[in-house]
Amino acid sequence: MSILRRQVKLADGGGLGFAVTVASGVALILTTVLVPRGSVVQARMAASAIGCFCWVLAFARPQGFWEAGSVKNWREMFGDRPIVRI
């Protein structure tokens, strides 16, 4: 019972969250594409871009992602803060 009382509901990021997510995604893609093709640096950049984008999704909380059915089920089960940390 005490776990359920500690759950905090975080609101979605709304339009700003969506804009930040799109801008970040485009910037990460452009940065990866501008690195010389086929290099080890490009592969590392692509891998780190995926991690950065996951971080942006967690903290910007765009409505399309944050209110999705599968994410909503996890949010109801564990609460919002642990889902952001995951």
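Setting aside residues up to four places away in sequence, T32 touches Q42, M45, A46 and A49, where contact means heavy atoms within 4.5 Å. T32 is found in helix 2, residues 14-34, helices being DSSP runs of H or I with at least four residues, numbered from the N terminus. T32 counts as buried because its relative accessibility is 12%; buried means under 20% relative accessible area, exposed over 50% and partly exposed in between, with a 1.4 Å probe and protein chains only.

This is a predicted model, in which local features need pLDDT of at least 70 and side-chain atom pairs count only at pLDDT 80 or more, while totals for chains, interfaces and linings use all residues. Residues are numbered from 1 along each chain as its sequence is written, and side-chain values use heavy atoms, with hydrogens and water left out.

The largest nonpolar core has six residues, namely L10, A58, W66, V71, I83 and V84; such a core is a set of buried Ala, Val, Leu, Ile, Met, Phe, Trp, Tyr and Cys residues joined through side-chain atoms within 4.5 Å. Beyond its neighbours within four places in sequence, W66 is in contact with several residues, among them L10, V71, I83, V84 and R61. R61 itself lies in the loop between helix 3 (40-60) and helix 4 (63-66), and is buried, with a relative accessible area of 19%. The phi of R61 is near 45°, a positive value in a residue other than glycine. Most residues other than glycine have a negative phi.

G79, in the loop between helix 5 (69-78) and helix 6 (80-85), is also buried, at a relative accessible area of 1%. G79 and K9 are 70 residues apart in sequence, yet their C-alpha atoms are 7.0 Å apart in space.

Two aromatic pairs are counted, rings of Phe, Tyr and Trp (its six-membered ring) being paired if their centres lie within 6.5 Å, with planes under 30 degrees apart called stacked, over 60 edge-to-face and the rest tilted.

| Pair | Centre to centre | Angle between planes | Class |
|---|---|---|---|
| W55 and F59 | 5.1 Å | 50° | tilted |
| W74 and F78 | 5.3 Å | 25° | stacked |

W55 and F59 are separated by about one helical turn because they are four residues apart in helix 3. W55 is exposed, at 54%, whereas F59 is partly exposed, at 45%. W74 and F78 both lie in helix 5, four residues apart; W74 is partly exposed, at 46%, and F78 is partly exposed, at 37%.

Definitions and conventions
Helix = DSSP H or I, 4+ residues; strand = E, 2+ residues; numbered from the N terminus.
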